[in-house]
Amino acid sequence: MKTYTFVSFVFALIFQAGPFVLATEAGALASSTKSFGGYDYPNLYDEAMPMLWASKLVYSFATLLEAGREGSLDLGDTFPPEVLAAYKDKRLDVRDMEGGNGLPFNKVVEIVVANAENLKKIEPEFEYVAKMIEKIQAVENADESSDELFLETFSSIDAATQCVYGVLKDNKNKRVVVVFRGSTDLSTRDWQTNLSAQLEGMKTPKLLKDSLQGKLKKRVLVHRGFYNYIFNNKRAKGDQRYDMILNDIKPFVEEGYKIYVTGHSLGAALSSLLAFKLAGSDKSWIPKPITCISYASPIVGTDGFRTAFTLLEQMGHIRYLRVNNDADTVPTIPPFSLGLKRRMMKHVGINLRLYDDSFILSHPNSNGWGFVNAVRNSVLKPVWSVLKYHSLQTHEERMDAQKETLQNLHLNDLYDDGKLLGKEFNRDEL
């Protein structure tokens, strides 16, 4: 059996799933893709699952690189010389390889296969990762378009003070993906970021200023820790992460391409803020809508942030699927901001709430269950329970249990569902 880690998994899943037709329980046929704004989007399952795997495997790839830098793993015989030279004392930037396309998928496979046993030693959830391998093996073997898939950058060398992210490009399906890693151990700033739940004023995106009122014309209030990690990190050496990401993705956002953002836990919160910023930008090279698919995201902003975010959804500038397990505590925190003037924190986007044998779809524009769920899920639970329901493995198992149903749903159709989004939600199609 072939063995892959972060990049090869991500490429195979995000980029190589070909079109297919599914028979529903009623015998009807559902198309794999639907066009919106001139772009063909997959069904809900096929669009969300690759982002789940990317969100998990970003942890593994960062671990592999860190072990190589520390000297506990010898990667010298497996990495191409130009790649080895790039990652040892700076972030992995391979955009200049292959005539400016990046590191091809087939070379990534060679690297990963050569380091399979090393990964097994340092990856705490290797058995889960191995199951992922089995799921994508048939797809990878059947697809010969790996030369259309590229890794561009992976920023993890300064993980002690800055968030970890990677950028991928898919020439076949015309999209650029930004994936954030979630929280790890106390050796990084991740947990300090999670706990910094005071409020920070985030400048209102330029495309929204004329459509909002009062203070919202100038700023929305968001979680300070999450905001600073991307936009205002005092401990960053050099550019802020947001500026780095813009520089990373701009050369690859060609005509007809779309931008996807994803992450798990802390990574989900960061992806929410980045997607919001990109969707509200007036930069002509940023294509709309931005798609964000997050897993187990904590709450990132107040009611004003939700108002602005929902407006971007109505304008057709952003598509957001926020996935979480029922009984996971992390998506219910922080219920209130810290500081002298406390405010309730509010979720955004279409929520896919997963149970063992069912799911619920909702949107804050038409339901009031958020606070009820927050109170119910915030009741103290055993540690094993918290870990289980926050785990991406549980997300995947529950999504697999509902695969056929989810494959007959499309995110764009959900945005046009008046019952789900509310009667006053009218989205503009770009």
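Biologist: Why does S265 count as buried?

Modeller: S265 has a relative accessibility of 11%, and buried means under 20% relative accessible area, exposed over 50% and partly exposed in between, using a 1.4 Å probe and protein chains only. So 11% puts S265 in the buried class. By the way, this is a predicted model, where local features need pLDDT of at least 70, side-chain atom pairs count only at pLDDT 80 or more, and totals for chains, interfaces and linings use all residues. Residues are numbered from 1 along each chain as its sequence is written, and side-chain values use heavy atoms, leaving out hydrogens and water.

Biologist: What makes K174 partly exposed?

Modeller: Its relative accessible area is 39%.

Biologist: What is phi near in K174, and in S265?

Modeller: Phi is near 60° in K174 and near 60° in S265. Both values are positive, in residues other than glycine. Most residues other than glycine have a negative phi, and most peptide bonds are trans.

Biologist: Which peptide bond is cis, with omega near 0°?

Modeller: The one from K288 to P289. Another cis bond joins I333 and P334, where omega is about -10°.

Biologist: Which residues does K90 touch?

Modeller: Leaving aside residues up to four places away in sequence, K90 touches R69, A85 and I157; contact means heavy atoms within 4.5 Å. The C-alpha atoms of K90 and I157 are 6.1 Å apart, though 67 residues separate the two along the chain.

Biologist: How do you know that S391 makes a polar contact with Q393?

Modeller: A side-chain oxygen of S391 comes within 3.0 Å of the backbone nitrogen of Q393, at the start of α15. A polar contact is a pair of N or O atoms within 3.5 Å, one able to donate a hydrogen and the other to accept it within protein, and residues adjacent in sequence count only if both atoms are side-chain atoms. So this pair qualifies.

Biologist: How many residues does the largest nonpolar core have?

Modeller: It has 105, and such a core is a set of buried Ala, Val, Leu, Ile, Met, Phe, Trp, Tyr and Cys residues joined through side-chain atoms within 4.5 Å. Those with the most contacts inside it are L92, F180, L273 and M399.

Definitions and conventions: Helix = DSSP H or I, 4+ residues; strand = E, 2+ residues; numbered from the N terminus.
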